[in-house]
Amino acid sequence: MVKKSSFVLGIIVAVFACTIQAAEKPDLPSLQELTEARARLDSNDAHRPRFHFTPPQNWMNDPNGLIQYKGVYHLFYQHNPWDAVWGNMHWGHATSLDLVHWADRPIALPPTPGTFDEGGCFSGCAVVNDDGLPTFVYTGVLEHDSVNNYRPQSQGIAVSHDGLETFKKHPDNPLIPLPPSDFETKDFRDPCVWKDGDWWYNVIGSGEIGGAGKALLYRSRDLVEWEYLNPILTGDPEESGRIWECPSFFPLGDKHILMVSPIPGHKVSYFVGDFDGRKFTPDSFQVFDYGSSYAPQTFVDEQGRRLLFGWIREDRRGELHDAAGWAGAMSLPQELTLNANGKLNIAPVGEVKALRRNQKNWAMKTLTPNSGNLLADVSGNALEIWLDIEPGDAEKITLSFYQTPDGAEQTHLVYDVKTKTLGFDRSQSSLQDGVGKHLHETKIDLGDNEHLLLNLFLDRSVVELFANQNTYLATRVYPTKYDAQGMSISVQGGSAKVNLLSVWEMQSGM
């Protein structure tokens, strides 16, 4: 049994108490200040998304504590209140009744000087405890050491008695002060907690020094006294990285899913398999996204849907987003189901359709290399596009967007029929230096007579693609020209048939 003891706490505090002083920080911003900052940044920045959630100001990364409580969706997230760069980890907070219109709330979970989380409140989850109270289970760190690591990493809880407005940290934190002693690690973070019968279970991300990523299993009767059981799974470092961050472990259909964000690699992956209560035996390993998303977290809402948010990272130099005054965006909320082939079906939640306006449609059109541009009268940088196309004998199908009239800036979504790859060509996406322009692509192997089905969301610098229900790819682009808003569709090497092409303008969700 992992028990909180005054001896262990004394060691942790004694080692650092004489050398760590809480840095002087400004006061946390008020709700009015957050509201004013959002209005100011929204109106002044052509790269700031309109319908993907962004922080009101400054830095945001991992989604945390996702929960629907008494009909209200709560999105918490890793947040630096004072700068648009990573650091000073707090939990930011926003609420929604419909998953697409969000209201900022005051910062929910700040570090407490002189305690285990003085150096930052890192990622974790939210559950409703046995007394019916919303409870955060999260990683705290005491200090930032000289080699750019946060140590020690330990786990604690905080409970809300007022409906997720404020939280009281447990007096005995950290409740899991140290990683297990059966292997050596410096990484021990990001708890994922659920209830099964009389027991609470907790999977924590880790990785053995010189070895592979691990997901560590604990259990508790009361969320306070935790017993270490074993790793539910140890990966292959060549396949799935040396460290697993932000594990999300959950049942889906008749299987269990373990989703991890590996280091190195930074591409979200997942295993599908069977769980016997102690060990997880995977049947398959898949990549969730080869692009810009990271650290996804899932939860079940009151409709029984398994929903997911992920962090869509910036892909520009730090000084650029620091100058902009904000960094980071959330993915659209996604619903996950399991298909008959043992892969995740991934789709934006139906509520996103409420943001659609001014639909344009094209149907039953044949495209050849000499066809005119169906999308010549379409422009914008906050759009949803739906395309159902039969590749026919075409070699490539290209949907281009954010095009300037002179072609100086443009981004291409390309499906290569021969190589069965689908990806974003960002080589011409921006004239600015210091932004990502490398290819983001994935495999998509269409079956005989299978159509290519693309659901693409353009939201200024954020681009998300859902393809054929089971393929997801997110990227970032930063056009510099005000007229980089054109679109076109073309084919190479043969003809293809557009069964349906729809475009909607999208309203703001803030």
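Trp91 is buried, since its relative accessible area is 0%, and buried here means under 20% relative accessible area, with exposed being over 50% and partly exposed in between (1.4 Å probe, protein chains only). Tyr138 also counts as buried, at 0% relative accessibility.

A word on the model before going further. This is a predicted model, in which local features need pLDDT of at least 70 and side-chain atom pairs count only at pLDDT 80 or more, while totals for chains, interfaces and linings use all residues. Residues are numbered from 1 along each chain as its sequence is written, and side-chain values use heavy atoms, leaving out hydrogens and water.

**Aromatic pairs**

Searching the whole structure turns up 29 aromatic pairs. Rings of Phe, Tyr and Trp (its six-membered ring) pair if their centres lie within 6.5 Å; planes under 30 degrees apart are stacked, over 60 edge-to-face and the rest tilted. Here are two of the pairs.

| Pair | Centre to centre | Angle between planes | Type |
|---|---|---|---|
| Phe53 and Tyr77 | 5.5 Å | 55 degrees | tilted |
| Trp91 and Tyr138 | 6.2 Å | 70 degrees | edge-to-face |

Trp91 belongs to strand S3 (residues 90-96) and Tyr138 to strand S6 (residues 134-144), so their pairing ties together parts 47 residues apart in sequence. Strands (E, at least two residues) and helices (H or I, at least four) are DSSP runs, numbered from the N terminus. Ring pairs also join Trp91 and Tyr138 with Phe76, Phe116, Phe136 and Phe167 in a cluster.

Phe53 and Tyr77 are both buried.

**Charges over rings**

Two arginines deserve a look too. Arg221 lies over the face of Trp199, 3.8 Å from the ring centre, and the charged end of Arg356 sits over the ring of Trp504, 3.7 Å from its centre. The test asks for NZ of Lys or CZ of Arg within 6 Å of the ring centre and within 35 degrees of the ring normal.

**Cavities**

The structure has 2 cavities of 30 Å³ or more. A cavity is a set of points on a 1 Å grid over the protein atoms alone where a 1.4 Å probe fits but cannot get out, and lining residues have an atom within 4 Å of a point.

The largest cavity holds about 40 Å³ of space. Its lining includes Phe51, Phe53, Trp102 and Ser331, and divides into 8 nonpolar residues, 2 polar and no charged.

The second largest cavity holds about 30 Å³, with Ser331, Gln334 and Tyr472 among its lining residues. Strand S17 (293-300) and strand S18 (306-312) each supply at least two residues of that lining.

Note on methods:
1 Å grid on protein atoms, 1.4 Å probe; cavity = no way out; pocket = protein on both sides within 12 Å on 5 of 7 lines; lining within 4 Å. Points joined across faces, edges and corners; volume = space filled by probe spheres on them. Nonpolar A, V, L, I, M, F, W, Y, C, P; charged D, E, K, R; others polar.
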